[in-house]
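Welcome, and thanks for taking a look at this structure.

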Amino acid sequence: EGMAPPQRILFPPEKICMDWQQRQGAGAGLHNLGNMCFLNSVLQCLTYTPPLANYLLSREHSLSCHQQGFCMMCRMEDHVNKVMHSSYSAIHPWAVISVLTRIGEHFQLGRQEDAHEFLRYTVDAMQRACLSGTSELDMSSQATTIIHQIFGGFLRSRVTCLSCKAVSDSYEAFLDVPLDIEAASSVTAALEDFVKPEQLDGENCFKCDRCDKMVAASKRFTIHRAPKVLTACLKRFEDFTGGKISKVVVYPEYLDLRPYMSQTAGEPLIYSLYAVLVHSGDSCHSGHYFCYTKASNGLWYEIDDTSVDCCDIDTVLQQEAYLLFYVR
């Protein structure tokens, strides 16, 4: 595919199980230990990610973990098993809260944080745990951990010289797709914008090796290798003010990623929605987070800290979503 093959496979891809291994209703809700709704809602979305939950519920990780001290995979395994097997209607997420500053040193107990940022740091901490004990690995090998195989994909950035038509490709790993929604009223429109070619000229000219000078060029991102789980972040918060874009952005229950791939020919790449994280409020520094998740019994639940209530797909699809989780 134009990318270097991995020198080492850290987790055998055939062992990743995409369909739920156990069928049950939603597990426990989570007590809010003071401004922790961002953490609770992210943890619930991860708990109902089928390939991750299957692996954590099997306890396979802790049985072979040799890590000294803090291991995010062990913490998540502990947390997910507690949520799914608890006889209580809600539990305290101590397994994760007690290592909050290990996940990100700037996170503070009792302070509202951005849910997307917390998700990023949590998934990164799980990825680091999976890489622990391996020395310097190439990018392709690092992408063979179970975490990267579940959440990760690769983008291709293709720059085409407008003078000589020479093409330069580079690849970068991603764990979620950030979508601009200022001009888009739907996720599919935002994805179209994401892969739309961008003109490089003026101060942004491109150094073409073949022309051996600075030239005008066209640059285009496409999804080169699709993830098993697609996380989309709708960019609702302004970078500088923290102000919020409050508008309804339509998102489908089933999403075909094929039109946004480097290879647009071929079978459709269908993803199914399984979790939606919502922020209610005016800015990223205030408000409240809650989520909707699809349990292994196929039913949807609204989860708001300790409360877990059955709901229908129509309710799920009418939210002012912040994070969307789709499984292939």
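Rings of Phe, Tyr and Trp (its six-membered ring) pair if their centres lie within 6.5 Å; planes under 30 degrees apart count as stacked, over 60 as edge-to-face and the rest as tilted. By this rule there are 9 aromatic pairs. Please keep in mind that this is a predicted model, where local features need pLDDT of at least 70 and side-chain atom pairs count only at pLDDT 80 or more, while totals for chains, interfaces and linings use all residues. Residues are numbered from 1 along each chain as its sequence is written, and side-chain values use heavy atoms, with hydrogens and water left out.

**Aromatic pairs**

- Phe194 and Phe221 make a stacked pair, because their ring centres are 6.4 Å apart and their planes stand at 20 degrees.
- Phe194 belongs to helix 10 (residues 187-194) and Phe221 to strand 9 (residues 217-225), so this pair ties together parts that are 27 residues apart in sequence. Helices (H or I, at least four residues) and strands (E, at least two) are DSSP runs, numbered from the N terminus.
- Phe194 counts as buried at 19% relative accessibility, whereas Phe221 counts as partly exposed at 24%. Here buried means under 20% relative accessible area, exposed over 50% and partly exposed in between (1.4 Å probe, protein chains only).
- Phe237 and Tyr322 form an edge-to-face pair, with 5.0 Å from centre to centre and 75 degrees between the planes.
- Phe237 sits in the loop between strand 10 (229-235) and strand 11 (254-256) and Tyr322 in strand 16 (residues 321-327), so the pair ties together parts that are 85 residues apart in sequence. Both Phe237 and Tyr322 are buried.
- Phe38, Phe107, Phe118 and Tyr121 are linked into a cluster by ring pairs.

**Helix 10 and its buried side**

- Val187, Ala190, Leu191 and Phe194 are the buried residues to look for in helix 10.
- They cover an arc of only 100 degrees around the axis, which puts them on the same side of helix 10. The arc is that of the directions from the helix axis to the C-beta atoms.
- The cover over the buried residues of helix 10 includes strand 3 (153-161), strand 5 (177-180), strand 9, strand 10, strand 11 and strand 16.

- Four strands form an open sheet: 4 strands in the order 4-3-9-6, with antiparallel pairing. Two strands pair if DSSP finds at least two bridges between them.
- Strand 4 (167-174) and strand 6 (198-200) stand at the edges with a single partner strand each, so one side of each has no neighbour in the sheet.
- Strand 6 and strand 9 run antiparallel and are joined by 3 bridges; Gln199 has Ser218 in strand 9 as its bridge partner.

- Asn40 lies in helix 1 (residues 37-47) and is buried, with a relative accessible area of 2%.
- Leaving aside neighbours within four places in sequence, Asn40 is in contact (heavy atoms within 4.5 Å) with Leu30, His31, Asn32, Pro93 and Asp305.
- Pro268 lies in the loop between strand 11 and strand 12 (270-280).
- Pro268 and Leu257 are 11 residues apart in sequence and 7.2 Å apart in space, C-alpha to C-alpha.
- Again leaving aside neighbours within four places in sequence, Pro268 is in contact with Asp256 and Arg258.
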